Each structure stands twice: as C-alpha cells, then as structure tokens.
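Have a look at the fold, and then we can walk through a few points together.

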Amino acid sequence: MEKPAARSRHAARAPRPPKTPAAAAKKRPRGRPRKTLDERDDGNRRVELINAAARLFRQKGFDATSTRDIAAAVGMHSGSPFYHFKSKGALLHAVMEEGMRSAIQRQAAALQPAKPIPDATMQLRLLIRNHFDVLLGPGSDFIPVMLYESRSITARQRALLAKLQSDYEAVWEPVLETLAKAGQLKGPVKLARLLMFGALNWSVQWFDAKKSATLDDLADAAMALFIHAPSRGKPTKALA
C-alpha cells in the first residue's frame, strides 16, 4: 500500500481575513501613547489649574480642598491634574511661585510710569499702592495663599519662594533708606520694612471692597503710619 505524499513545507495556506478598522484600532501602537486632549493643551490647562487652585485654596484652605475639587473647577476628570503636577503640594507651590513672579512683574511695571516719579515719598506710595493691588485687586488669590499656607510646602520650596520674596522686597530698600536719611521714615529701615509688610499683608484678613475704603485710601493711611510729612519747600530727592 502506497504511503500518502508528505505535505510540502511551502504548501499554500488559507488567506487570513483582512483586519477590520476596530481590530486595527485595538492594536497598541509603538512608541509613546497618543496624548489626550488635556495633554495636548498642556500649557493652557496648567494655567487654568493654577488659577482654580489659587481661588479654592484661598476660599477653603489647602487641607479642605481636594484634587477632585480643583479638577471639577476646570472641567477635568479627577485624576487629570496629576498629569500636570505630581501632587497637590506641587500644585500649591506652583500657585505661590506664580503669585510671586506675577507680583515682581507688576511691581516693575508700576515703577515705569509715563512721567518720572518726583521723589522717594511718591515712590514709596506707588510701591504701597501696587502692593495693595497685588494683595486685594483683581486676580489677588495667589499671595494670600502664600502668606497663610506656607506650612504645607517643603523646606526646599520655601527657600525658592524666599528668594523671589527677597527680589520683590529689594526694590523697597533704597527707597526706605532715602527716606530715613531725610528724617521722614518713622523707625529704622529694617524694622520699618518688616512692620510695613506685616501691616500691609494683614489687610487680606479684614479688607472688604464692598465698604467705603478704596485701595488709594489704604495707601494714604499706610503712608501716614510710616512717613513723616515733609517740610514745605524741602521735597525728598528721587532715587537715581
């Protein structure tokens, strides 16, 4: 009896059915996964998260604000903020850093008016008025969060913010020194600066924009607290 012929290694195989679009979509592509809409709009979404977090941290406090609250405020899924920030603490630090960098920029812009500032007294009033605007004006959630939630960030993060704060306050030093030399500053420069910032910053606890006082009123009151009125005919020299 004859044996059946062995099958050839190259015998024709039955053709495979073509892949459907659904099957092709299921196949995992090589390389990095495709970014979601939130990830593709990284820069804008990051800014939205920082703004929303600043508002909620100021209203509710850091501990009482959840990541879910922040995500909901910007229309994100609850886990989406972690694509932009490693933790809620990292987001808190970003809020504080944004607040200080914005304050530095706004202060620099305020000191470059169309007309020269005549003397150190007016320079100080301009600095104080701008500081009130940073604390209490539009978009003013950032610095109050930094003032009252610093215990919730790391020592390294506090050191980075301290450097920015030092850069911000450094502009005040020569103005106060000029006023002190003219006998107009009520107290030594270092103590006056510390007391001044302490008093100005505390305004976030009690100021109510719905009441009669304006930011200009606050600036005038602060000047009266810390500066002697100059003698007539002897204006304080402006800084070079």
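1. Let's start in the middle: the largest nonpolar core has 55 residues, and those with the most contacts inside it are Leu124, Ile128, Phe132 and Trp172. Such a core is a set of buried Ala, Val, Leu, Ile, Met, Phe, Trp, Tyr and Cys residues joined through side-chain atoms within 4.5 Å, where buried means under 20% relative accessible area with a 1.4 Å probe, protein chains only. Helix H7 (residues 120-136) gives the most to this core, with eight residues. In soluble globular proteins, nonpolar side chains tend to be buried together.

2. A word on the source: this is a predicted model, in which local features need pLDDT of at least 70 and side-chain atom pairs count only at pLDDT 80 or more, while totals for chains, interfaces and linings use all residues. Residues are numbered from 1 along each chain as its sequence is written, and side-chain values use heavy atoms, with hydrogens and water left out.

3. For the overall picture, the chain has twelve helices and zero strands; helices are DSSP runs of H or I with at least four residues, strands are E runs of at least two, and both are numbered from the N terminus. Of the 240 residues, 37% count as buried.

4. Which residues does Phe132 touch beyond its neighbours within four places in sequence? Phe132 is in contact with Gly137, Leu200, Ser203, Leu215, Leu218, Ala219 and Ala222, contact meaning heavy atoms within 4.5 Å.

5. H10 (residues 172-181) and H11 (residues 189-206) pack at an angle of about 120 degrees, with their axes 10 Å apart. That angle makes H10 oblique to H11.

6. Now compare another pair. H6 (residues 88-110) and H9 (residues 155-170) pack at an angle of about 10 degrees, with their axes 9 Å apart, which makes H6 roughly parallel to H9. Angles under 35 degrees count as roughly parallel, over 145 as roughly antiparallel, 65 to 115 as roughly perpendicular and the rest as oblique. The residues in this contact include His93, Met96 and Met100 of H6 and Leu160, Leu161 and Leu164 of H9. By class, the contact has nine nonpolar, five polar and three charged residues.

Key
Axes are lines fitted to C-alpha atoms, for helices over the stretch in contact, and angles run from 0 to 180 degrees between N-to-C directions. Buried means under 20% relative accessible area, exposed over 50%, partly exposed in between (1.4 Å probe, protein chains only). Ala, Val, Leu, Ile, Met, Phe, Trp, Tyr, Cys and Pro count as nonpolar, Asp, Glu, Lys and Arg as charged, and the others, Gly among them, as polar.
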